[in-house]
Structure formats: structure tokens, C-alpha cells
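Here is a short walk through a two-chain model. Keep the viewer open and follow along.

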Amino acid sequence: MKSEILKLESVSKDFGDGDTQIRVLKDISLTINSGEFVALVGPSGSGKSTLLSIIGALLSPTEGLITLDNQPMHSMSKKQLNRMRADKISFIFQSSNLIPYLTVREQLGLMATISKLEKEATDHRIDALIRDLGLEKRKHYYPKEISGGERQRVAIARAFINDPSIILADEPTASLDSKRGRQVVEMISMEVKSRKKAAIMVTHDDRILDLCDRVYQMEDGILLEK
Amino acid sequence: MLLAWKEIKRNKIRYFLISTIMVAVLFLVFFITALSNGLGYADTAAVSNLQADQVILNKEAEGVLIKSGLDNKDISEIDKQVDEDFSPLNITISSLEKEDKRSVDVVYFTVDIKRYGNIAIVEGKDIKELKDGEVIADESLKKKGYSLYDTIEDSRTGKKMKIAGFTTDHVYSHMPVIFTDLSLGFQSLYSGSEVYNAVLVKGNNISVSGYDVQTVEDTLKSIPGHSETQASFTVMKTFLIIISVFVSSVFFYVITIQKVHQFGVLKAIGMKTITIAKTILAQVVFLTLIGLAISGLAFYGIVQILPEEMPFILSTHLLLLTGVLFLILNIIGAMLSVWKVTKIDPLEAMGRIE
């Protein structure tokens, strides 16, 4: 059974003010259901990252409505948005953005602490994720000591710890070669399907689009389904 | 808090360097504080411990103890005007004869032992119990090889005296003080007639016409060079502390700037600003405490191996006070980094390759 996770209605975003105002996003509407993995492509400067930041509660839209899990994000305070990020949204960044002084296991533990999850249940989930993503042998390694692909897998594991509703991936394959990049996206796809999450991935890489359910093209602030 | 500790553990060199700077500067602060205290002590401890509330000097002395001279006529004039108990005081610098060795410089504080207040005695008799020819000496004389009931000989007059008691904290111009009674006659050693530097009075609200009356504290301040020395040391200490707080705050600020991206990531995944701020504060407090502990230990160590003549005095009380002050200032300095953290936008985490 598919349920609606994210809904954007006529979302616009302006940057700057007065004469220099630029409309970066123009009247964007989008709905994503559980178990759906959506790709967002387009040239740089087209507004992909801005859209991702708005969905990720890092920016507020100038106009329009966003609901995540039936909660209206467009009318939330900064503090509430912070809470949303900790509880319902997860990021996978271009570079893995792991904390350099924490081991793989500790990275995941930190995420659990931030989201104020119960220790026992989380320990279980952390171990399961580490197993799923093939990181068992790397559990006690620091980010510097593992490969780029492994780091990105840790980032994926971190994104799933707090049992988020939606995963936002900002060019997760940018720092990887094509083979490893594909593996990483396969893993995201697999986790999304098996855990019934929603995911949006911004990418430049056409070769991995076949792993996504839908592909959207972004151009000059306008969103089109391909 | 766990984050704070893990980071320090993984970046040992970086935090070791900060700690080293703190240790070095704090050590210097302790060293200078102790030296200024020690020098002040060796110079004037006997004056600050005078058993009196008010000190009467002649007008011409302008408050300077050693410039003042009062003869017997003055004393009887003061006697008429003052009801309270008083004792004259004469300060005479001389030396003690010592067989086969260099003589030892001392200062005689000649007082009326029956009327002078009770000074702290660490060994032997109280000042009021002294018999003829007996004196009380500062315990620093022990380091010169004298002990209780030894007979000492003044090298100028050849007078023999017996050390009947030892007092403490009575040094003047780096010389041990010896309390002698008027009957020993040191008040006329140089001038032939009896001359005193001051009259020491117990009790406040005294007015004596024709003479200057001041507190012991004022007398201490007007010792030539005393205020100047102490003021220079205070300036040095103040600047040292300001510089060290500045250096460590800037250090932490630079580290914070380096970690802007990382903090952005933490914020993006939902960590609260206050949690990050707490992490920084915990690190500042931790490193400052380490710096204080090590420099404190190093200071105590160095005091043990330095020659005893170096006048070092630093009480635990003062050490703690300096430490707490430094800690508070460092925490205030860390607010610069905390302010920076509040300005970090979680958007930092997006679209950048490390």
C-alpha cells in the first residue's frame, strides 16, 4: 500500500530583494509516496539544490505549501524545523561528511543521540544497518581509514538510523567512480524499497537513472517529469 | 560532552599545542605573581606586621618611616597627648659577628617590649617574657645557622645577646629582624643620643598636634620603591593574563572556523546549536584545567629546585584565585567561538566537496 509522504504545492523561492530579486524556483508541485525513489537532474544553477534544501527544512519557501507526513513545514518555526530534520529527514551529502574523530559505529550512535532514540532499540538497528551495508569489518575504523565508497555507505547507514520518512541525497556519487557510485545508489534504492521510505536524489550522472522510479528534470526553476 | 572528548583524543597534537601555550603562559603568571609577592614580602613583611593601629612620625618625614626621627622630648610630648598604650620604634641596620664566616646583616627593631604587642612566636619565649640581654629574632636567621638560645654578637658594638625566641614573617629589606628592648640601646647606635623612627600606637582616632599620624598600611605604601615595584608587577601580571586569554581564545576561534563545515553537517542532521556550543565550552574548560594543573605542578617543582634565596611566595589560595580568574576569562573568550557557531548555516553542509 502506497501512502503519500511528501507533497509540494506551488512552491516558489526568491533570492535577493528589491531590484535584484531572482526567482530560483517557480511554482513547483510534486508528490512522493512511500517506497518511491525519485531522481532530480538538470544543469547546475537550475535550482536543484535549492529545492532539496527546502524539502530538507534548511530553507523556507517564499510561497507555496509543503507537507511532510501530513505536517505543514511551511508554517513551522526554526526550532520545529530543526526537530523535523532530526526526526523525519535524512541527508546523504556529496562527500560523506562524516565526523572525522568518530568511528563508523560512533557516527551512527551520534545520529541516534541527536534524534533522542532509545538506546537498546537503536543498538539493534545500528548493527542491522552495518550488516546490510557490508560495513561489519569497518565498524571500529575512523573515516580516514576507509575508502570513499565505504564512507558513502556509512553516510547511507547514518541517514537511515533515525528511521526518517524521507532521504535526501545531494549528488551522492560525485566523489566516487562509476562502479562504486552505482553500488551506492543501488544500496540507497534497496533500503528505500525495503523500509518503505521516500527518497529524492539530485544527480548529474545519467548512468544511474535506471535505478530510480521517476526522473524529474529541473530547468531555470521549473520542474518537468521526464 | 562525549564529542568534545573524542575530538581531543583524535587531534592530540592540535590540542597539545594549545595546552602547551596555556601551560607556558600560566607558569609565567604564577612565577611572576610569586616573585612579586616574595619580593614584597622580603622587603616589607616586618612593617606590614607591625603591632600597631597607628604610626606617629615627625612632620618632615612625609610619611616615610626611615626618614622620621623622634627624640626623647618628642616622645614625652606624644605621651602627653596620647592616652593609648604606645611603644617607640627604632630601626637600625647592623650585622652579626660570625666566626670564620662573613657577618650576617640584620635589622634591629628596638621597642619597649613590655608595651609592644604580642608578635607571633614559632619557638621560644613571648616578647613580654624576655629578660635582660634576650632578643626575639625572625626565623629566617635559622637559615644562617643560628638556633634557639644561641648567643649572637653585634659586630659594631660587640654587644652579646641571647636568642630567646623566634618569630615569623618579620623581614625587612631582605634582612631578618631582631626585636630588642630599649635597654639594649640600639636606638643610640648611630647618633649618640636616643632617636626613634616612630611611635606605634594601639587604638584609632588619635590626633597628635605637630606630628603625622598614619595607618600601618599607609606606612607600608610610603616605603620608597614599594608601591612602584608592586605596581609594575601588577601591570605585568595583568598583561600576561590578558595576552594568554587572547591567545587561547583566538586559537579556539580559528579551530572553530576550520570546523564550520563540520558544524554545518551536525546542524543539518539535526544537532542543536546549544549542544555544539556546550561541546566547545567543555573543551575550553577541560584544556584550561589541564593547563592550570600542569603549570601549577611545574611551578611547585621549579620552586623546589631553585635556590632558597629566591624570594618566592605563592599561597594555594592565590594560586586557585589566579586559576579561577583565568578559567572565567577563557570561558568569556570562548563566547567568540560560540557566537560563530550560532551564525553557521546548516546549508554549509550542502554541495561542497571536502
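How many helices and strands does chain B have? Chain B has eight helices and 13 strands. Helices here are DSSP runs of H or I with at least four residues, strands are runs of E with at least two, and both are numbered from the N terminus.

A word on conventions. This is a predicted model, in which local features need pLDDT of at least 70 and side-chain atom pairs count only at pLDDT 80 or more, while totals for chains, interfaces and linings use all residues. Residues are numbered from 1 along each chain as its sequence is written, and chains are lettered from A and ligands numbered from 1 in the order in which they are written.

Start with the overall form of chain B. Its C-alpha atoms fill a box of roughly 95 × 50 × 30 Å along the principal axes. The radius of gyration of chain B is 29 Å, well over the 20 Å from the globule rule for 354 residues, so chain B is more spread out than a compact globule. That radius is taken over C-alpha atoms, and the globule rule is 2.2 Å times the number of residues to the power 0.38. Of the 354 residues in chain B, 37% are buried. Buried means that 20 or more other C-beta atoms lie within 10 Å of the residue's own, exposed means 12 or fewer, and partly exposed is in between, with C-beta atoms placed from the backbone. Among contacts in chain B between residues at least 6 apart in sequence, 82% join residues at least 24 apart. A contact requires C-beta atoms, placed from the backbone, within 7 Å.

Now look at how helices of chain B pack. Helix α1 (residues 2-10) and helix α7 (residues 273-305) of chain B have axes that come within 8 Å and cross at roughly 55°. Axes are lines fitted to C-alpha atoms, for helices over the stretch in contact, and angles run from 0 to 180 degrees between N-to-C directions. The angle makes α1(B) oblique to α7(B). Angles under 35 degrees count as roughly parallel, over 145 as roughly antiparallel, 65 to 115 as roughly perpendicular, and the rest as oblique. The crossing of α1(B) over α7(B) is right-handed. Right-handed means the near helix is turned clockwise from the far one by less than a right angle, left-handed anticlockwise. On the α1(B) side, Leu3(B), Ala4(B) and Ile8(B) make the contact, and α7(B) answers with Thr279(B), Ala282(B), Gln283(B) and Phe286(B). By class, that is five nonpolar, two polar and no charged residues. Ala, Val, Leu, Ile, Met, Phe, Trp, Tyr, Cys and Pro count as nonpolar, Asp, Glu, Lys and Arg as charged, and the others, Gly among them, as polar.

A second pair follows. Helix α2 (residues 12-48) and helix α8 (residues 316-343) of chain B pack at about 140°, with axes 11 Å apart. α2(B) and α8(B) are therefore oblique to each other. Their crossing is right-handed. Leu26(B), Val29(B), Phe30(B) and Thr33(B) of α2(B) meet Leu318(B), Leu319(B), Thr322(B) and Phe326(B) of α8(B). This contact has six nonpolar, two polar and no charged residues.

Turn to chain A. Its secondary structure comes to six helices and 10 strands. The radius of gyration of chain A is 17 Å, close to the 17 Å from the globule rule for 226 residues, so chain A is as compact as a globular protein of that length. The C-alpha trace of chain A spans about 55 × 40 × 35 Å along its principal axes. Of its 226 residues, 48% count as buried.

Which part of chain A is mostly covered? Helix α1 (residues 48-55) is: eight of its eight residues are buried. Just after α1(A), Ala57(A) takes a positive phi of about 65°. Met218(A) sits in strand β9 (residues 214-219). Met218(A) is buried, with 22 other C-beta atoms within 10 Å. Its contacts beyond four places in sequence include Lys48(A) and Leu51(A), both buried residues of α1(A). Leu40(A) is 178 residues from Met218(A) in sequence, yet 6.9 Å away in space, C-alpha to C-alpha.

Finally, the chains meet. 19 residues of chain B are in contact with 21 residues of chain A. α1 and α6 of chain B each supply at least two residues of chain B's side. That side divides into nine nonpolar, four polar and six charged residues. In α2 (residues 78-87) of chain A, Met84(A), Arg85(A) and Ala86(A) are buried. The buried residues of α2(A) pack against β4 (63-68), β6 (89-92) and α3 (104-114) of chain A, together with α6 (260-268) of chain B.

Terms used:
Contact = placed C-beta atoms within 7 Å.
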